[in-house]
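Please keep the sequence and the three-dimensional view at hand while reading.

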Amino acid sequence: MALKALVSPGPDLTREELLRYARQIALPHLGIEGQRRLKDSRVLVLGAGGLGSPVLQYLAAAGVGTIGIADSDVVEVSNLQRQTIHTDARVGERKTASAAAAVRALNPLVDVIEHDEEVTTSNVLELVSEYDVVVDGTDNFEVQYVVDAACALVGKPLVWASVLRFDGQVTVFWATAPDGLDRTLDDLYPEQPDTDPAESCSVAGVLGPVCAALGAVMATETLKLLGGYGEPLLGRLLVHDALDASWREVPFGHATPRAKAANIGEPYSVTNQGAGVTGPATKLFERQSVTDASASPASSAALDSVSPAELKDLLDARERGDADFVLVDVREPHEHALVSIDGAELVPLGQILSDAAREILPPQEKVIVHCHHDARSQRAAAALRANGWDDVVFVRGGIDAWVTDVEPTKPRY
């Protein structure tokens with residue numbers, strides 16, 4: 001069932017616009033009026049990565065009048081395999097600037113707003129309230145729950161997807177959708193899935209075209225919501241398996257019980273819904289584990305750690321015979337082959353308690369573990385501590401911080 005268009009028709013189309021969008025205007029569901037709606041539309045894309053890239057390209061090409069891009073990262077070489085909006089020449093640039101330049105080059109008629117910042121509970125309401133539709137390409141559950149709660153509070157539709165390896169899933173959440181179609185992320189996942197560092201794109205991998213396939217669906221759903229045609233993916237999860245080239249639809253209803261704010265769907269107000277407010281509008285945030293995307297994992301407080309500089313001093317001391325410890329890299333073999341710390345033993349996280357690992361790091365030895373950043377190393381340290389190792393520490397920031405602070409000539413990924 002088609003829903004009412006989110007946006008009213010904007011100004012008349014220019015001759016240039018009529019020519020540029022001619023093949024789209026020819027569609028009976030759009031026409032000139034539909035194209036005028038797009039011209040007056042505002043869409044926020046969270047994440048200029050694997051999912052955000054195709055979304056930004058297709059929305060810009062379609063003529064969405066204003067596109068916001070929110071990201072706080074920089075372009076890295078390892079991004080280019082799937083984040084196709086960026087080019088090799090843009091490596092090292094801010095992702096928002098790189099993506100904005102690509103959008104403007106594709107369609108100079110589109111206005112682009114850059115939000116070079118992390119999405120947190122402090123800024124998310126103000127961000128999403130400025131747009132008609134929010135597209136979440138962050139692929140991070142902790143951030144996604146915060147974004148979903150904010151969109152629910154101000155009544156904005158949220159187009160959502162997630163990808164990993166050869167699989168992906170996509171749907172639409174909208175807390176104020178009519179006719180019983182209202183859905184939120186809490187309905188699909190009532191309990192927030194545990195964050196497993198081994199189940200991230202940087203470790204498990206992702207096939208680039210899978211991002212493109214899911215991103216194309218996200219862009220299509222966004223255009224349908226703006227224009228008021230077709231049947232949006234409300235209450236329906238579309239699941240893609242690239243290995244067998246299948247798409248299947250999984251219906252889902254309302255979770256019981258549902259988290260609900262008293263003034264859900266109201267226009268954003270700093271007084272009623274701003275940071276620090278304790279009224280009913282903030283109830284959906286109370287279940288979130290994240291108050292800031294840069295916050296350290298809670299478990300780190302219970303584990304000892306060393307900085308890259310401290311590790312360098314320890315390695316120098318070991319070289320002189322003044323220190324004795326085992327440095328363990330818990331990343332995967334392909335990561336170790338790309339960049340490593342001299343003197344580190346490779347024991348992937350999944351093998352950290354194996355018999356082979358015990359030969360490398362006996363329980364009576366002092367052990368220092370590191371990974372890419374430090375999520376996996378913290379898990380490894382906790383597992384070792386729980387299984388008989390008394391002297392275990394992790395390297396804060398992992399090899400990424402090591403390269404930045406100690407060996408800047410080595411590659412980052």
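**A strand and its neighbours**

In this predicted model, strand E10 (residues 326–329) pairs with strand E12 in the parallel sense, and four bridges link the two. Within this pairing, Leu 327 stands opposite Ile 368 in E12.

Strand E12 comprises residues 367–370. In which directions do its residues point? Val 367 and Val 369 point one way from the strand, whereas Ile 368 and His 370 point the other way. In a regular strand, side chains alternate between the two faces of the sheet. Val 367, Ile 368, Val 369 and His 370 are all buried.

E12 is also joined to strand E13 (residues 392–395), by three bridges, and these two strands run parallel. Here Val 367 stands opposite Val 392 in E13.

Attention now turns to a pair of helices. Helix H12 (residues 308–320) packs against helix H16 (residues 398–405) at an angle of about 80 degrees, and their axes lie 9 Å apart. Because of this angle, H12 is roughly perpendicular to H16. Which residues make the contact? H12 contributes Pro 308, Leu 311, Lys 312 and Leu 315, while H16 contributes Ala 401, Trp 402 and Asp 405. Of the residues in this contact between H12 and H16, five are nonpolar and two are charged, with no polar ones.

Methods:
Residues numbered from 1 in each chain as written. Predicted model: local features only at pLDDT ≥ 70, side-chain atom pairs only at ≥ 80, totals over all residues. Heavy atoms only, no water. Buried < 20%, exposed > 50% of the residue type's maximum accessible area, 1.4 Å probe, protein only. Pairing = 2+ DSSP bridges. Axes fitted to C-alpha atoms, helices over the stretch in contact; angles between N-to-C directions. Parallel < 35°, antiparallel > 145°, perpendicular 65-115°, else oblique. Contact = heavy atoms within 4.5 Å. Nonpolar A, V, L, I, M, F, W, Y, C, P; charged D, E, K, R; others polar.
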